[in-house]
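Please read it beside the sequence and the coordinates.

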Amino acid sequence: MAEASVTGVCGEAMAAMAAVEGSSSPAGLTLGRSFSNYRPLDPSWRLTGFSGCKVPQETLLKLPAGLTRPEASQKTGVGPSPTFPALGIGMDSCVIPLRRGGLSLVQTTDCFYRLVEDPYMMGRTASANVLSDLYAMGITECDMLMLLSVSQSMSEEEREKVTPLMVKGFRDSTEEGGTAVTCGQTMVNPWLIIGRVATVVCQPNEFITPDSAVVGDVLVLTKPLGTQVAVSAHQWLDNPERWNKVKMVVSREQVELAYQEAMLNMATLNRTAAGLMHTFNAHAATDITGFGILGHSQNLEKQQRKEVSFVIHNLPIIAKMAAVSKASGRFGLLQGTSAETSGELLICLPREQAARFCSEIISSKYGEGHQAWILSIVEKGIIEVLSRGATAAALAPDNSNVSSEPCS
């Protein structure tokens, strides 16, 4: 792969990737180029090793749950093609019908700040996070651009060590997903950021529009919830004020295990699930990220052509994280409002196919395989959403931290 030969705006990102060419593991990396010509500014915060990187809260954009695309194209089918609709704001990816050949452009982008302490795992998570937007539409192949921002607060040594590890993780995940980074952009600013743009041109039968759920469908989830809680609880181990609020319900060892599981889950691709969506005739899907399972399921419900309701009865949750959420008074994990990163796919499957889907996804033919869970059945009509305080009982038992109905 001659990535180092790419020039222009892609050159810097490709140079970082060239630094990890041929390395088989993070421990065997050759350090990449540094930003020796850049003179750092004096920001309001400093990076103390990789784990010290943080983002001022005022820089984060918060959007309301249930954000949907414009009403004209949502229900009436107004757009370039009545049988091949355009999807836009509010869904996982945009779908733009092209003028010729019956093709559509499907595209998505995302990036985020430092979430975990391991830069290699951060790179893998960034890649998996964006790919899930396409996987939610049953798309398993795409072309990639990488977006990389290196913090001006990092020392030259930190840049040389952290950047190649992030790129290595990103690239390994990309190759596992059957694609490659073909271009990108690198910059320096106050924050350490990594992301990507994923693009594919599809025939109509190559993706699944998220609008065909029917009464009786079964909702299946491909990963357990609780990544935000696990990552936060791990950070609280060094924050006595926060740790004192939860130490009665969880041990340090349990937090470490939850954190490791969350990292592995975030770095795991939903590609197998995306392929099986075609095999088992999925009617709709979305990936669960920043709005939590409640916000994303409500948004998916609004996209449906028929009047249906998604009523969630079971929540598979990383062990002990439900108790941490409750004790801390934060997140709303049992209420379905806790954000996830590189989360799970929520898939609407025909009732007769759901159990087979879950049996297939755990099969060793897909590598290690992983479990999926049945959450509930799609019901008829529009049901009023309960207030946040009242949804816990409907979503999961108060002491629940695993699904009560795992698939096998």
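The points below move from the overall fold to charged pairs, a surface patch and a few loop residues.

1. The model is predicted, and that should be kept in mind throughout. The protein contains twelve helices and ten strands, and buried residues account for 54% of its 408 residues. Of the contacts between residues at least 6 apart in sequence, 82% join residues at least 24 apart. The accessible surface amounts to about 18200 Å², with 53% of it belonging to carbon and sulfur atoms.

2. As background, side chains of opposite charge can pair when their charged atoms come close. The pair formed by Asp172 and Lys168 has its closest N and O atoms 3.3 Å apart. Both residues belong to helix α4 (residues 156–176), where they sit four residues apart, about one turn of the helix. Asp172 and Lys168 are both buried, a point to check when the side chains are inspected.

3. A salt bridge also joins the side chains of Asp211 and Arg305, at 3.9 Å from N to O. This pair links distant parts of the chain, 94 residues apart: Asp211 is in the loop between β5 (193–202) and β6 (218–221), whereas Arg305 is in the loop between α9 (292–302) and β8 (308–310). Are the two partners buried or exposed? Asp211 counts as buried because its relative accessible area is 9%, under the 20% cut-off, while Arg305 counts as exposed because its value of 61% is over 50%.

4. Lys365 pairs with Glu360 in a salt bridge whose closest N and O atoms lie 3.1 Å apart. Lys365 is exposed, its relative accessibility being 58%.

5. On the surface, a patch of negative charge brings together Glu117, Asp118, Asp238, Glu253 and Glu256. One of these residues, Glu253, is placed in helix α7 (residues 252–267). With a relative accessible area of 57%, Glu253 is exposed.

6. Thr289 sits in the loop between β7 (284–287) and α9, and it is buried, since its relative accessibility of 16% is under 20%. Which residues does Thr289 contact, once its neighbours within four places in sequence are left aside? The contacts of Thr289 are with Asn129, His296, Ala339, Glu340, Ser342 and Gly343.

7. Lys320, which is not a glycine, has a positive phi of about 75°; Lys320 is located in the loop between β8 and α10 (321–328), and its relative accessibility of 27% makes it partly exposed. Phe331, likewise not a glycine, also has a positive phi of about 75°. The position of Phe331 is in the loop between α10 and β9 (345–349), where Phe331 is buried at a relative accessible area of 15%.

Conventions
Residues numbered from 1 in each chain as written. Predicted model: local features only at pLDDT ≥ 70, side-chain atom pairs only at ≥ 80, totals over all residues. Heavy atoms only, no water. Patch = residues over 30% accessible without salt bridge, like charges linked within 9 Å, V, L, I, M, F, W, Y side chains within 5 Å. Areas by Shrake-Rupley, 256 points an atom, 1.4 Å probe, with all protein chains shown as cover. Salt bridge = Lys/Arg side-chain N within 4 Å of Asp/Glu carboxyl O. Lys, Arg positive; Asp, Glu negative; His and termini not counted. Charge placed at Lys NZ, Arg CZ, Asp CG, Glu CD. Helix = DSSP H or I, 4+ residues; strand = E, 2+ residues; numbered from the N terminus. Buried < 20%, exposed > 50% of the residue type's maximum accessible area, 1.4 Å probe, protein only. Contact = heavy atoms within 4.5 Å.
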